[in-house]
Amino acid sequence: MDQQKIGTFLKQLRQERQLTQENLAEIMCVTNRSVSRWENGVNLPDLPTLIQLADFYGVELRELLDGERKPDAMNTPETKSATEETARKVADYSNDVMEKVTHRFHYMYLISIATVLIYLVMNHFDFSSPLLQAIQGACLGIGLGMLVVGAIFTSNRGNGMAFFKVHLRERSNQK
């Protein structure tokens, strides 16, 4: 996929509708900065937004992904509905996977907060037993470590890594 070509096509479609980036952003429930990045080829909208854009502009999803209009022979109702159904299935799958990842991170954050709280309670009582001090240190290490890992994986780059790992794990489970 050529992001620059797709961006130019998105800009062309927006201008044909005589919309500003702000108008389109409001319609698509995104920021105007996102629209600008799409049109400059910096990044692409996610799949559900691409489907929404295709419906809004009255073009086929393939046309958006190719960055150009296709001949009318490509736009038969059967071809168009099959492509859109496939894209919707992919979007649903992608949303399901990301929802699972999000739930896992919520649990991880809860566990990390709980272990840091245990550390704070134990620190308040100032235990002298080496075993309790080791437990206290482990709670602090686990809690802070999970918070750091969560922060990395929920960043833009880390989010892609998490999605890729979950996708590979699910693929191996299906075999």
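What follows is a walk through the fold, the cores and a few individual residues of this structure.

The model is predicted, so local features were kept only at pLDDT of at least 70 and side-chain atom pairs only at pLDDT 80 or more, while totals for chains, interfaces and linings use all residues. Residue numbers start from 1 along each chain as its sequence is written, and side-chain values rest on heavy atoms, with hydrogens and water left out.

The secondary structure is quick to summarise: eight helices and zero strands, taking helices as DSSP runs of H or I with at least four residues and strands as E runs with at least two, numbered from the N terminus. Read from the N terminus on, that gives α-α-α-α-α-α-α-α. Of the 175 residues, 29% are buried; here buried means under 20% relative accessible area, exposed over 50%, and partly exposed in between, with a 1.4 Å probe and protein chains only. The accessible surface comes to about 11300 Å², with 58% of it belonging to carbon and sulfur atoms; areas come from the Shrake-Rupley method with a 1.4 Å probe, and for residues only the protein chains shown count as cover. As for contacts (heavy atoms within 4.5 Å), residues 24 or more positions apart account for 61% of those with a separation of 6 or more.

Now for the inside. A nonpolar core is a set of buried Ala, Val, Leu, Ile, Met, Phe, Trp, Tyr and Cys residues joined through side-chain atoms within 4.5 Å. The largest one has 19 residues, and Leu 10, Leu 13, Leu 24, Leu 53, Tyr 57, Val 59 and Leu 64 touch the most other members. At least two residues of this core come from each of helix H1 (3-16), helix H2 (21-28), helix H3 (32-39), H4, helix H5 (61-66) and H6. H4 gives the largest share, five residues. A second, separate core of five residues includes Val 101, Phe 105, Met 108 and Met 146.

Helix H4 spans residues 47-57, and its buried residues are Thr 49, Leu 50, Ile 51, Leu 53, Ala 54 and Tyr 57. Just after H4, Gly 58 has a positive phi of about 70 degrees.

Gln 18, in the loop between H1 and H2, has a phi of about 55 degrees and counts as exposed at 72% relative accessibility. Cys 29 sits in the loop between H2 and H3, with phi near 60 degrees and a relative accessible area of 69%, so this residue is exposed. Cys 139, by contrast, counts as buried because its relative accessibility is 11%. With a disulfide taken as a pair of cysteine sulfur atoms within 2.5 Å, the count comes to zero.

Helix H6 (residues 77-125) holds Thr 115, which is buried because its relative accessibility is 11%. Apart from neighbours within four places in sequence, Thr 115 is in contact with Cys 139, Ile 142 and Gly 143. Leu 120, also in helix H6, is partly exposed because its relative accessible area is 46%.
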